[in-house]
Amino acid sequence: MDHQPKFFENLSGTGKAIGVLTSGGDAQGMNAAVRAVVRMGIYVKAKVYFVYEGYQGMVDGGDNIVEVSWESVSSILQVGGTVIGSARCKSFRTREGRLQAAYNLVQRGITNLCVIGGDGSLTGANLFREEWSGLLEELAQKGNIDEEAVKKYAYLNIVGMVGSIDNDFCGTDMTIGTDSALHRIIEVVDAIMTTAQSHQRTFVLEVMGRHCGYLALVSALACGADWVFIPEYPPEEGWEDSMCVKLSENRARKKRLNIIIVAEGAIDCHNKPITSEKVKDLVVQRLGFDTRVTILGHVQRGGTPSAFDRILASRMGVEAVLALLEATPATPACVVSLSGNQAVRLPLMECVQMTQEVQKAMDEGRFLEAVRLRGRSFENNLNTYKLLSHKKPDAELPKTNFNVAVLNVGAPAAGMNAAVRAAVRVGITEGHKMFAVIDGFEGFARGKIKEISWGDVGGWTGQGGSILGTKRTLPAKYLEKIADQMRTNNINALMVIGGFEAYESCLQLHEARSRFEEFCVPICVLPATISNNVPGTDFSIGADTALNAIVETCDRIKQSASGTKRRVFIIETMGGYCGYLANMGALAAGADAAYIFEEQFDIRELQANVEHLTEKMKTSIQRGLVLRNENCNENYTTDFIYQLYSEEGKGVFDCRKNVLGHMQQGGAPSPFDRNFGTKISAKAMQWISKKLKETYRKGKVFANTDDSVCLLGMRRRNLVFQPVAELKNETDFVHRIPKEQWWLKLRPLMKILAKYKTSYDVSDSGQLEHVAMHSPKEAETGAI
């Protein structure tokens with residue numbers, strides 16, 4: 001990037017007052033957003049006020065609108081729901097109510113509002129903004145405020161953040177709370193699967209989503225459900241027969257359980273509701289299967305926010321304050337949202353109108369249009385689900401005579417199995433014969449390779465680790481044997497799922513092409529490692545699961561530290577030389593510092609951190625949390641830092657240390673990793689099919705160009721295939737990390753929220769974009 005960095009130091013909030021409120025249904029992560037708004041607001045020297053109980057509190061005034069301090073938002077990051085309360089408010093819908101609200105805000109000099117809620121709450125905020133000057137004039141006429149106040153507070157700025165577990169807001173890939181709700185659903189599905197398996201049962205699960213099927217669709221994708229009902233895509237006429245045929249076919253294939261997921265707003269093509277009870281009765285009457293219904297209800301709104309939601313909400317909260325500081329009277333009310341991995345600002349009313357368009361399309365029976373309006377991510381989820389859940393009869397499958405092998409390389413990462421399952425099933429649908437290689441390249445050299453069928457990968461999405469087995473061994477020392485195996489088994493393409501070793505392996509195969517013609521085939525790498533250190537991608541399969549494991553542990557440790565008072569914990573995370581887990585874990589757990597290799601530190605910085613913690617112990621927040629990446633510095637080890645802190649903190653705080661170790665590698669994959677693994681794997685398999693067709697000449701596959709060995713990664717907003725040969729220049733091979741890493745931009749964010757003075761490059765934010773309509777052919781976003 002050639003742009004001059006733009007730092008927010010020149011954006012001062014002095015003299016500004018910001019009100020923050022949560023409205024509508026609650027969602028996990030709202031507190032993280034509130035915390036970020038408060039701390040960023042105070043950081044830029046603005047006054048920040050809580051508005052308790054949503055719009056009701058704004059209308060009632062009094063103790064409902066209170067100025068807050070830095071400590072007011074301590075310890076709320078890990079709490080679900082919203083600590084400032086939310087209420088449905090009838091009076092705000094009347095002009096009298098809004099008049100009263102305007103009076104209460106003017107009394108405190110608040111002309112900047114940050115609203116966290118769904119589309120209803122945001123529409124209300126926009127109306128309030130449009131009426132603002134009229135309301136002030138009316139107040140002045142009644143003698144409630146003077147003319148001076150009318151001039152001084154002439155404009156109201158509004159920035160919205162969408163907090164809704166349904167993910168039903170157009171223009172944003174993920175709303176705050178959606179990922180956490182998926183965590184709750186998947187926890188339940190995983191638990192139900194074990195009991196269903198024992199009794200050969202069918203379970204019908206009803207999930208939330210009155211007007212939007214996102215939760216149902218993504219959880220069906222993440223657990224490999226047999227059937228899903230969503231409002232945007234009603235089943236075709238005669239669905240009852242096709243569903244029963246599918247369920248009985250699955251039983252005939254020795255599958256001991258069936259899972260059917262129903263969104264609460266599911267309808268058939270005549271707009272008649274499809275209820276979970278109706279589905280259960282149908283299965284019992286037609287098939288006689290032992291069937292149970294589970295309605296998840298408000299469990300989905302509850303519980304602690306996931307790591308993804310905390311980071312999303314913290315980023316959005318900081319972005320919202322920046323947007324308020326930069327707003328002018330001419331700026332339309334905007335929402336801050338996420339597109340791919342990029343924070344964006346969008347005009348609030350454009351998003352609301354598009355969201356209403358979806359509902360209108362559904363009411364009028366234009367269902368394909370409704371799916372398209374939901375955006376690229378939704379459409380892609382639906383297509384991937386359709387691809388993976390229904391096996392066509394063998395007679396209908398194309399026959400390509402190509403053999404494709406799948407293998408895992410490197411350390412295990414949660415989500416690898418979901419990726420293997422998707423690769424096998426999409427490969428079979430495309431007409432290829434699929435082969436599984438056991439134990440990475442080492443197993444490949446020994447001939448541990450077998451054909452794998454559609455049914456063999458059933459139930460794999462929720463399994464952690466690597467079922468195929470994985471080894472760190474690189475192919476270089478086995479090249480001849482691997483080439484022999486490829487010749488013997490007539491392998492025409494390779495899909496390699498793994499971390500930095502997988503990327504290095506494919507570089508070695510690429511370089512060995514001149515000696516071994518067997519490697520002149522399409523090869524695709526899928527990044528799967530908890531360290532997230534593979535060049536060419538912002539995210540790797542498995543990193544989200546590891547991050548959640550770290551954050552969960554940090555929450556428990558913080559709780560223990562709060563109980564004992566005046567205690568600092570030093571926690572060591574994995575990641576090799578890559579500081580992703582330590583940095584993002586620190587942001588999501590609300591840590592005071594994170595030591596990473598990418599940002600060199602010296603004894604002065606350690607000293608400054610100790611002083612910072614000493615100051616903190618004088619406040620009401622008497623605990624500290626420090627994360628350290630395992631390889632951040634060879635001399636400043638975890639023990640060294642622990643001893644330094646213990647010595648320097650004597651009499652002020654005591655210290656404990658904790659090495660998290662391999663618990664970060666284990667566990668069932670998070671919904672994000674299951675979904676990301678499934679989607680990128682399906683896309684990679686389609687790329688392999690395309691390459692096989694392009695390179696098939698005179699009865700054989702011959703691919704020797706650079707672009708036939710690619711890594712599929714997510715870059716900012718898009719999924720892109722990049723030749724591994726080109727990624728070589730972007731890689732630091734000594735430390736096994738990319739030379740440039742996007743998340744380093746979020747470092748200052750963590751420091752600001754922990755009360756350090758720092759500079760924050762805001763060049764990427766600030767431009768108001770428009771909500772784009774996507775044509776169905778457009779490339780898929782990185783949205784998950």
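**Exercise 1. In this predicted model, determine how the side chains of Asp654 and Arg656 meet, and classify the exposure of each residue.**

Solution. Step 1: the side chains of Asp654 and Arg656 form a salt bridge, with an N to O distance of 3.8 Å. Step 3: Asp654 has a relative accessible area of 29% and is partly exposed. Arg656, at 34% relative accessibility, is likewise classed as partly exposed.

**Exercise 2. Identify the parts of the chain that the pair Arg736 and Glu501 ties together.**

Solution. Step 1: the structure holds 39 salt bridges. One of them joins the side chains of Arg736 and Glu501 at 2.9 Å, N to O. Step 2: Arg736 lies in the loop between β25 (731–732) and β26 (737–738), while Glu501 belongs to helix α17 (residues 500–511), so the pair connects parts that are 235 residues apart in sequence. Step 3: Arg736 is partly exposed at 28% relative accessibility, whereas Glu501 is buried at 7%.

**Exercise 3. Locate Lys691 and Glu694, and explain their relative placement.**

Solution. Step 1: both residues lie in helix α22, three residues apart, which is about one turn of the helix. Step 2: an α-helix has 3.6 residues a turn, so residues three or four places apart point the same way. Step 3: the side chains of Lys691 and Glu694 meet in a salt bridge of 3.5 Å, N to O. Step 4: Lys691 is buried, with a relative accessible area of 9%, and Glu694 is partly exposed, with 37%.

**Exercise 4. Describe the surroundings of Val162.**

Solution. Step 1: Val162 is part of strand β5 (residues 157–162). Step 2: its relative accessibility is 6%, so Val162 counts as buried, the cut-off being under 20%. Step 3: apart from neighbours within four places in sequence, Val162 contacts Gly117, Leu122, Phe169, Thr175, Ile176 and Val335. Step 4: the C-alpha atoms of Val162 and Met174, twelve residues apart along the chain, are separated by 8.8 Å.

Technical notes
Residues numbered from 1 in each chain as written. Predicted model: local features only at pLDDT ≥ 70, side-chain atom pairs only at ≥ 80, totals over all residues. Heavy atoms only, no water. Helix = DSSP H or I, 4+ residues; strand = E, 2+ residues; numbered from the N terminus. Buried < 20%, exposed > 50% of the residue type's maximum accessible area, 1.4 Å probe, protein only. Contact = heavy atoms within 4.5 Å. Salt bridge = Lys/Arg side-chain N within 4 Å of Asp/Glu carboxyl O.
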